[in-house]
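Good morning, everyone, and thank you for making time for this.

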Amino acid sequence: MRGILKSSYQNFVHRPITNLINLIGLAVSLALVIILSLYSFGELTTDHFHKNADRVYLYGDNNKIYTPGILKDQIDLSIPGVESSVRIASTWEPPVFQVAEHDPLKSDLIFADEGFFRLFTYKTIEGNPDAAMKEPMSLVITRQLAEKLFGNKQAVGQLVKLNNSNEMTVRAVIERPKENSCLSFNALASIATQKIMQPNEGEFTEWGWSNFQTFLLLKDNTNPQVTAKKIIALFPENRRNDYKNTHLIPLKKIYFSKFEIYGTDFLQAGDKNKVLVLILVAALVLMIALINFVNISSSQWLDKIRQTGVMKVFGARQSEILRNMLAETFLFFLSALFLAAFLAVIFIPDIQNYTGIRVNPKLMFSGPFLSIAIGASFILSFLFSMIPALRVSSSNVLDNLKKNLNPQTGKSPLRGILVAVQFTIAIVLIAFTLLVQKQVNFGSSSFGFNQENTISVNITPQLNQKKDVIRKILLDNPSVKRISMCQYYPGKTISQWGTQLETGNGKKQVNFDTFAADAQFFNLMGLQLVSGRFYSDDLSTDADKVVVNESFLRENKIDNPIGTKLLTRGNAEIIGVVKDFHYKAVNHPIAALAIRNDPSTSYCLVNLQTTNFNSLHNTIQKIKKEITELSPSFPVEIAFFDQAIEKMYQSEILFKKTFSLFAGIAIVICCLGILAMSLFACQRRVKEIGIRKVNGAKVSEILTMLNKDFVKWVAIAFVIATPVAYYVMHKWLENFAYKTELSWWIFALAGLLALGIALLTVSWQSWKAATRNPVEALRYE
Amino acid sequence: MIQLTNIDKYYDSKFQRTYVLKDIILEVKEGEFLSVMGPSGSGKSTLLNIIGLMDSPSSGKYLLDGNSVLDLKEKVRVDYHRNFISFIFQAYHLIEEMTVYENIETPLIYKGVKSHDRESMVADLLDRFNIVAKKDLFPQQLSGGQQQLVGIARAIISKPKLLLADEPTGNLHSTQGEMIMETLKELNNEGMTIIHVTHNEKFAQYGKRIIRLEDGNIRSDTNRKT
Ligand SMILES: Nc1ncnc2c1ncn2[C@@H]1O[C@H](COP(=O)(O)OP(=O)(O)O)[C@@H](O)[C@H]1O
Ligand SMILES: [Mg+2]
C-alpha cells in the first residue's frame with residue numbers, strides 16, 4: 001500500500017500541470033454531478049417522506065383541482081374505501097399576523113380538516129398539532145414563522161391577531177420538512193376556523209362552489225380508479241360532466257402535475273423537464289470529465305510503458321503491474337471524489353441562492369449515496385485503467401525499453417474522436433444556452449402591455465372604504481399620470497368563473513378567468529382594442545359591462561361577441577374585445593379572460609411620469625407614507641410592475657441561470673481537457689517544432705500546424721452537434737405555450753464560440769511552443 | 001561571406017556574468033570549408049548558432065553577405081533559413097512521424113516550391129545519396145549514417161549557400177562518419193560554404209581551415225596546406 005501511495009505521488013509530480021488539470025477537472029465535474037444528482041434525487045422523491053405517501057391522493061384532474069366543500073361529507077358518508085378525507089383551502093391574500101409589541105407581518109395561512117396530520121407527516125417541535133386541528137381559532141405554525149413572531153420565546157399558548165380582527169392561539173410548532181414537498185405553508189388552522197374567519201356558508205353546502213382541494217387517504221388495497229369513479233357518481237347529474245375526467249392523483253405525483261392554483265399557492269409545482277435536462281447535463285459533464293481523464297492519462301502511457309518495461313526487467317509479474325495500475329487509478333478517482341464532496345459542500349449554498357434549485361447536502365453523507373459514489377468510482381477506475389493497463393503490461397519488454405516506440409503512438413485517432421465528442425457536447429450546450437437565453441428574452445418582451453414606471457398599491461381592508469380619498473391623494477401628486485383600481489396584478493392569481501353565455505342559437509356553458517377593473521385600466525396597461533369599445537368611467541351606464549380577450553372568442557367559438565350576454569348576477573354584456581396579453585405566468589397559455597366593470601378592488605395601479613430615479617424614489621416614498629396613514633393596521637405594500645413581471649417568468653430565468661452555470665462549468669472543464677492535450681502535444685512536438693523552424697517555418701506556420709488538428713475536431717463536432725442540438729432544442733421548446741424560433745444563427749454562433757474557445761485555449765500553449773528558440777529544443781543532451 | 005567583429009556572448013545569472021564567447025573576430029569567405037574544434041563547453045555550438053541566426057550575440061557586429069543581420073525581423077530571418085543557411089545536427093533531428101521522403105521535402109514546402117518540382121528535387125537527392133529504396137521508411141528504421149544522410153539531403157535540398165554542421169559525425173562509427181565527411185567535402189567542392197564542428201582530429205582535416213576555441217576565445221586559426 002505504501003508503495004502504491006509513493007509511486008502514485010511520484011507519477012503525479014512527474015507531470016504536475018497535466019495531472020493537476022486532470023484532478024481538478026475531474027473533481028469539479030464530480031462536484032457538479034453530486035450537486036445535480038442530489039437535486040434530481042430530491043425533486044424525484046418529492047413527498048416520499050410522508051409515512052402514508054403511497055395511500056394519499058388528491059382528487060381532481062390536471063386542469064381542475066378545485067372541489068366543492070360538500071364533497072368531503074358525501075365521501076365520508078358513502079365511500080368505505082376512504083380512511084380519511086381532508087379539504088384544504090387557502091386564503092385569497094396572505095393574512096397579517098400581529099403579536100403584541102411586534103410589527104405586523106404577512107404570512108400565508110391554510111385551512112384543513114382534522115385528518116391533516118394523518119395524511120401528511122410533519123415533525124412536531126412543541127405542542128399537539130392534532131389537537132390544534134380539532135379546535136377553532138387554533139394555529140399550527142412552522143418553526144420559521146414562530147421565530148419571526150416570537151423570537152426565542154415559547155410560541156405555544158401565545159395569542160396572535162389575524163387581519164386585525166381574529167384572535168387565535170398557537171397550539172403547536174412544527175418543522176418544515178428537509179425533503180422536498182409539494183405542500184408549502186407556514187400556518188395551518190382548522191376548517192372550523194375558516195368558517196369563522198371567512199364566513200361563506202355556500203362553500204360548504206353548494207355543489208356549484210368549488211373552493212377546496214380534497215385529499216384522500218385510502219385504506220390498504222383500495223383501488224384508486226374505482227374510488228374515483230365512485231366519487232364522480234356523488235356529484236349531482238348536472239355537475240357530473242364537469243368532473244368526468246377527474247381521477248385520484250397520487251401524492252408522489254402531485255409535484256410534477258401541472259395545474260393552476262388561485263389565492264396563495266400552498267401547492268408547489270415542479271418541472272420535470274428541468275430535472276431531466278439537468279440530469280442530462282450531469283451525464284454530459286461526467287462524460288467530458290471522463291474523456292479528459294482518458295485523454296490525459298493515455299498521453300502518459302508512453303511514460304508508463306517505459307516504466308513497466310523497467311519493472312519487468314527487474315522481474316515484476318504481469319498481475320502485479322496490473323494491480324498497481326488499477327490501485328493507482330482508483331486512488332486518483334477517490335481523491336477526486338473527496339475533493340468533489342468538499343467543493344460541493346462549500347458551493348451548495350451559493351449555487352442554491354443563485355439558481356433557486358433545492359439541494360439537501362446532508363444526503364451526501366447517507367450510506368446509500370456514499371456507497372454508490374465509491375462503487376461508481378471503483379467501477380470507473382477499473383474500466384479506465386484496464387484498457388491502458390492491459391496494453392502496457394502485455395507489451396514486449398524490449399519494445400518498452402526502446403527509446404522510440406511506434407511513431408504513431410503519440411497521435412492515436414481515438415484521442416481525436418474523443419475530443420470531437422467533447423466538442424460536440426460543448427457545442428450542444430452552448431447552443432442550448434443561447435436558446436434558453438433567447439426564450440427568456442422572448443418571454444419578457446412580448447407581454448402585450450405596458451411595463452414601465454408602473455407601481456401597484458395593495459388595497460387593504462381599511463383602504464377599501466377610502467378609495468375616493470386614495471384617488472384624490474394620488475391624482476393630486478404631479479408625478480402621477482394615471483391610476484386604476486382593479487383586482488389585477490401581474491402574475492397574481494385570478495378567479496375562474498363558469499357560467500352560461502347567451503348566443504344567437506341558445507345558451508352555451510363557458511369557463512373563463514376573470515377580474516374586475518375600472519375604465520382607466522385599459523389605458524394604463526396600454527391594451528389594444530380589437531373590436532367594440534372599452535367601458536366608460538360611469539358605473540351607472542356601463543355597470544356590468546364586460547370586455548373579453550381574443551382567446552375568449554377562440555375558445556368559445558364566438559364570431560360576433562358584441563352584445564352577447566353572460567348569465568351572471570347582472571347579466572353582463574360583452575361590449576369590447578381586447579387583444580391577448582399575458583396576464584398569467586408566461587409558461588401558462590393565455591386563456592379566455594373577461595374583464596368586468598365591477599367596483600371590487602384589490603390593487604391600485606399607479607402610472608408615474610418621472611423617469612429620474614431619485615424623484616421616482618421620492619414619489620414612491622411619499623405615496624407610501626400618505627396611504628399608510630389611511631391603513632394603520634394593515635401593511636401597505638408598494639410593488640414595482642417590472643419586478644412582478646420578472647416573477648412571471650421567474651422559472652425561466654432560474655432555469656436559464658441554472659443551465660448556463662452548469663453548461664459554463666462543463667465548457668471550462670472541456671477547455672481544461674484540451675489545454676492539457678495541447679500542453680502534451682506541444683511538449684511532444686517541441687523537437688519537431690524546432691526542426692521545422694530551422695528548416696524555414698514561420699511562427700504563423702507552426703501555429704497553424706499545432707492548431708489545425710483541434711480546428712478539424714471542432715469542425716467534425718459541429719457537423720455532429722448541429723442535428724443533435726436541433727433535436728434537443730426542438731423537443732425542449734415544445735414545452736412552452738409561447739416559444740421563440742430556432743434560428744440558424746444559434747447553431748452558427750455556438751459553432752463559432754466553440755471554435756473560438758478551442759483556439760484560445762490551444763493557442764496559449766501553441767504560441768509558447770511556436771515562439772520558443774529552437775536552439776533549446778535541439779540542444780543535444 | 002561571414003564577418004564577425006568583437007562578438008561577445010554571455011549569460012547573466014544572479015551574481016555573475018559568464019562569458020561563453022569573448023571578443024570573437026572571424027571572417028569566412030565564400031566556398032570555404034571550416035572546421036571548428038575545441039573542448040566541450042568552449043562555445044562551439046553557440047558560435048555556430050550565432051552564425052546560423054538561431055541565437056544572437058550579446059554584443060559585436062555580424063555582417064552576412066555584406067548585410068548586418070543583428071535584430072532581424074522574423075520574416076527576414078525566416079527568409080535566410082529558407083534560402084541561405086542550412087543545418088545538420090549531431091542527433092540528426094529528423095521528424096519521427098514522417099517518412100524519409102517527407103523529411104527531405106519539408107524545407108521545400110516552407111519555401112513554397114510546387115508539388116511536382118518538389119518531387120523531382122527529392123528524387124534527385126535520394127538518387128544521389130543512394131537511398132531511393134529507403135524513401136518510405138521512418139527515421140528509426142535507418143542506421144545512424146543513413147539518418148545523417150537524410151539530414152544532409154534535407155539541409156541541402158533548398159540549395160543553401162552556407163551549411164552549418166554541429167558534430168554531424170558525433171554519433172556515428174568511423175566508417176559512417178567518413179562517408180558523411182566525404183559527402184560534405186563533395187558539397188564544398190561544388191561551391192557550398194561549410195562550417196562544421198567536430199571533436200575528431202581526423203575529420204577536422206577534411207576542412208580547408210581549422211579554428212580552435214578555448215574558453216570562448218579563438219586560440220588558433222590555421223589554413224591547411226593543400
Ligand atoms: N542558456 C544558457 N544559459 C547559461 N549558460 C549557457 C546557456 N546555453 C549555453 N550555456 C553555456 O555555454 C557554454 C557553451 O556551450 P556550447 O556552445 O554548447 O559549448 P560546446 O558546443 O562547445 O560544447 C556551456 O558552458 C554552457 O553551459
Ligand atoms: Mg556543442
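Chain B, in this predicted model, is built from seven helices and ten strands. Its radius of gyration is 18 Å, close to the 17 Å that the globule rule gives for 226 residues, so chain B is as compact as a globular protein of that length.

Staying with chain B as a whole, 51% of its 226 residues count as buried, and the chain exposes about 10500 Å², of which carbon and sulfur atoms supply 46%. When we take the contacts in chain B between residues at least 6 apart in sequence, 71% of them join residues at least 24 apart. As for charge, chain B carries 28 positive and 30 negative side chains, and the centres of these two sets lie 3 Å apart.

Let me now go down to one residue in this chain, B:Gln147, which sits in helix 5, residues 144–156, of chain B. Is B:Gln147 buried or exposed? Its relative accessible area is 14%, and the cut-off for buried is under 20%, so B:Gln147 counts as buried. Leaving out residues up to four places away in sequence, B:Gln147 touches B:Tyr92, B:Leu94, B:Pro139, B:Gln140 and B:Leu142. With one of these, B:Tyr92, the separation along the chain is 55 residues, while the C-alpha atoms of B:Gln147 and B:Tyr92 are separated by 6.5 Å.

Next, the interface. Chain B and chain A bury about 2300 Å² between them, with 56% of that area on carbon and sulfur atoms. Which residues of chain B lose the most area to chain A? They are B:His93, B:Glu97 and B:Tyr110, which together account for 27% of what the chain B side buries. In terms of residues, the contact takes 24 from chain B and 22 from chain A.

In helix 3, residues 70–78, the buried residues are A:Ile70, A:Leu71, A:Lys72 and A:Ile75. What covers these buried residues includes strand 1 (56–60), strand 2 (67–68), strand 3 (82–90), helix 8 (202–205), strand 12 (210–218) and helix 9 (224–234), which belong to chain A.

Helix 26 of chain A, residues 686–694, is mostly covered, with seven of its nine residues buried. Just after helix 26, A:Gly696 takes a positive phi of about 100°.

That brings me to backbone angles. Most residues other than glycine have a negative phi. A:Asp47, however, has a phi near 70°, a positive value in a residue other than glycine. A:Asp47 is found in the loop between helix 2 (16–44) and strand 1 of chain A, and with a relative accessible area of 0% this residue is buried. In chain B, the phi of B:Leu53 is near 60°, which is again positive in a residue other than glycine. B:Leu53 lies in the loop between helix 1 (44–51) and strand 4 (59–64) of chain B, where it is buried, with a relative accessible area of 8%.

Finally, two threonines in loops of chain A. A:Thr460 has its place in the loop between strand 14 (454–458) and helix 18 (461–464), and it is buried at a relative accessible area of 4%. Beyond residues up to four places away in sequence, A:Thr460 touches A:Ser631, A:Phe634 and A:Pro635.

A:Thr601 is in the loop between strand 22 (593–596) and strand 23 (603–608) of chain A, and it too is buried, with a relative accessible area of 9%. Which residues is A:Thr601 in contact with, leaving aside its neighbours within four places in sequence? They are A:Ile459, A:Asn464, A:Lys467, A:Met485, A:Cys486 and A:Gln487. For one of them, A:Asn464, the C-alpha atom is separated from that of A:Thr601 by 7.3 Å, although the two residues are 137 apart along the chain.

Conventions
Residues are numbered from 1 along each chain as its sequence is written. Chains are lettered from A and ligands numbered from 1 in the order in which they are written. This is a predicted model: local features need pLDDT of at least 70, side-chain atom pairs count only at pLDDT 80 or more; totals for chains, interfaces and linings use all residues. Side-chain values use heavy atoms; hydrogens and water are left out. Helices (H or I, at least four residues) and strands (E, at least two) are DSSP runs, numbered from the N terminus. The radius of gyration is taken over C-alpha atoms; the globule rule is 2.2 Å times the number of residues to the power 0.38. Buried means under 20% relative accessible area, exposed over 50%, partly exposed in between (1.4 Å probe, protein chains only). Contact means heavy atoms within 4.5 Å. Accessible areas come from the Shrake-Rupley method with a 1.4 Å probe; for residues, only the protein chains shown count as cover. Lys and Arg count as positive and Asp and Glu as negative; His and the chain ends are not counted. The place of a charge is taken as NZ of Lys, CZ of Arg, CG of Asp or CD of Glu. Buried area is the accessible area (1.4 Å probe) that two parts lose on being put together, summed over both.
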